Amino acid sequence: MNIYADNAATTKVSEAAINAMTACMKDSYGNPSSLHSEGQKAAKVLLEARQKMAARLGCDPKEVFFTSGGTEADNQALFSAAALGKKKGKTHIVSTAIEHHAISHTLDKLAKQGFEVTLLPVPENGVVEPETLKAALREDTCLCSIMFANNEIGTIQPVEEIGKLCRERGILFHTDAVAAAGYLPIDLGVLPIDLLSLSAHKFHGPKGAGLLYARKGIKVQSMLEGGSQESGKRAGTENLPGIVGMAAAFEEACGEMAENAAGLKALQDQLIAGLEKIPHALLSGDRNRRLPGNVHFCFEGIEGESLLLLCDQKGIRASSGSACTSGALEPSHVLLAIGRSHEIAHGSLRLTLSHQNTEEEVSYMIEAISEVVTKLRQFSPVWKDLEEGKKKHAI
Ligand SMILES: *Cc1c(COP(=O)(O)O)cnc(C)c1O
């Protein structure tokens with residue numbers, strides 16, 4: 001049994017993406033900056049990929065800057081917007097307590113450089129309240145960065161309302177759409193978003209390719225010194241196979257979005273219903289406002305790490321939170337932010353499905369995880385205390 005249920009960490013590269021990348025490496029090996037015909041062939045392929053991404057995002061190809069992935073796009077968005085703010089004497093930034101580390105660590109750095117950062121509290125359902133944001137926005141706020149959907153608990157944020165609040169006040173709005181892109185409709189022609197990041201490997205494209213969308217008129221700052229690729233905003237020879245693979249995967253994901261979402265929602269409902277039957281288990285994040293493939297639970301009285309390892313032995317590839325956090329003993333900052341105690345947060349399990357998963361796999365996972373939780377609780381001193389009434393159940 002080999003069930004891959006960790007699609008929020010990364011996804012299996014699709015056949016369409018592999019084929020497009022192979023063809024690109026074989027036939028378009030030139031450097032897009034070279035003036036000879038082999039270079040120009042590669043430049044054409046690069047332009048086509050940019051046009052494909054822009055068409056699917058509802059923006060202009062000139063607003064697309066290819067990067068090495070979501071992390072780089074997030075860094076570039078925040079440093080660029082902060083620099084623009086500083087020029088105008090505005091040094092206040094608003095974000096949330098549930099952002100990916102690519103955002104939160106960049107904000108830490110900006111704070112050290114003198115920016116004032118307000119992290120909005122997030123209620124238990126994992127959805128940011130526009131009213132809370134409204135109250136936090138100030139005259140000197142230059143940037144608001146709030147993710148489109150959360151990568152751990154899957155909650156979808158009200159980006160349209162958030163963007164509107166920012167736009168009314170002339171504040172730049174960046175959204176980390178890495179977890180959402182390819183799964184939720186994103187129309188930049190309609191949504192009031194100024195800067196957006198996405199990453200290919202989260203929607204069945206290759207690792208090491210992503211993009212930053214910057215609305216026309218927003219001056220993006222280059223993070224690297226070197227050549228004048230990407231209109232001088234991202235030096236270094238373009239990762240053409242990666243970019244081409246991303247465009248193929250994105251076209252596929254967007255083309256099949258509705259169908260995939262319906263299938264994923266059915267699997268998600270089945271999995272949530274099954275895992276909820278385990279006693280003292282709690283679903284994390286809003287039941288309805290969540291990414292279609294995301295299932296996240298906390299189980300009382302057990303350790304997430306042991307749960308993961310035993311699941312792995314049974315052929316289930318899962319996660320205890322974000323891949324960047326696992327391995328560390330600190331519980332997830334997202335779970336703490338939505339009010340879970342350290343103890344409860346330690347017993348977390350994230351299962352993120354793809355359209356390749358099946359009903360049979362979900363049935364197997366429900367059975368296997370129920371067994372594993374029961375087994376781990378038998379050896380858990382915390383569980384013993386709970387059962388003997390020495391400690392009160394929190395969930
Ligand atoms: C994965 C992820 C990132 C980082 O993207 P990389 O391409 O792996 O650098 C950033 N933000 C979110 C929400 C993610 O899920």
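Okay, let's start with a side-chain pair: Arg-234 and Glu-72 make a polar contact through their side chains, at 2.8 Å. Keep in mind that this is a predicted model.

So where does Arg-234 sit? You'll find Arg-234 in the loop that runs between helix H7, residues 229-232, and helix H8, residues 240-255. Is Arg-234 buried or exposed? Its relative accessibility is 17%, and the cut-off for buried is under 20%, so Arg-234 counts as buried. Leaving aside residues up to four places away in sequence, Arg-234 touches Phe-66, Thr-67, Ser-68, Glu-72, Ser-222, Leu-224 and Gln-229.

Now over to the ligand. Which pocket holds it? The ligand sits in the largest one. Around the ligand you have Gly-69, Gly-70, Thr-71, Asp-74, His-100, Met-147, Asn-151, Asp-176, Val-178, Ser-199, His-201 and Lys-202. Helix H3, residues 70-87, gives the most to that shell, with three residues.

Let's go through some of the polar distances. A polar backbone atom of Gly-70 is 2.8 Å from a ligand oxygen. On the side-chain side, an N or O atom of Asp-176 lies 2.7 Å from a ligand nitrogen. And for His-201, an N or O atom in the side chain is 2.9 Å from an oxygen of the ligand. How much of the ligand does the protein bury? Taken alone, the ligand exposes 380 Å², and 87% of that is buried by the protein.

That's the tour: Arg-234 paired with Glu-72, and a ligand in the largest pocket.

Note on methods: Residues are numbered from 1 along each chain as its sequence is written. This is a predicted model: local features need pLDDT of at least 70, side-chain atom pairs count only at pLDDT 80 or more; totals for chains, interfaces and linings use all residues. Side-chain values use heavy atoms; hydrogens and water are left out. Helices (H or I, at least four residues) and strands (E, at least two) are DSSP runs, numbered from the N terminus. Buried means under 20% relative accessible area, exposed over 50%, partly exposed in between (1.4 Å probe, protein chains only). A polar contact is a pair of N or O atoms within 3.5 Å; within protein, one must be able to donate a hydrogen and the other to accept it, and residues adjacent in sequence count only if both atoms are side-chain atoms. Contact means heavy atoms within 4.5 Å. A residue is near a molecule or strand if one of its heavy atoms lies within 4 Å of it. Accessible areas come from the Shrake-Rupley method with a 1.4 Å probe; for residues, only the protein chains shown count as cover. On a 1 Å grid over the protein atoms alone, a cavity is a set of points where a 1.4 Å probe fits but cannot get out, and a pocket is an open set with protein on both sides within 12 Å along at least five of seven lines; lining residues have an atom within 4 Å of a point. A molecule sits in a cavity or pocket if more than half of its atoms lie within 2 Å of its grid points.
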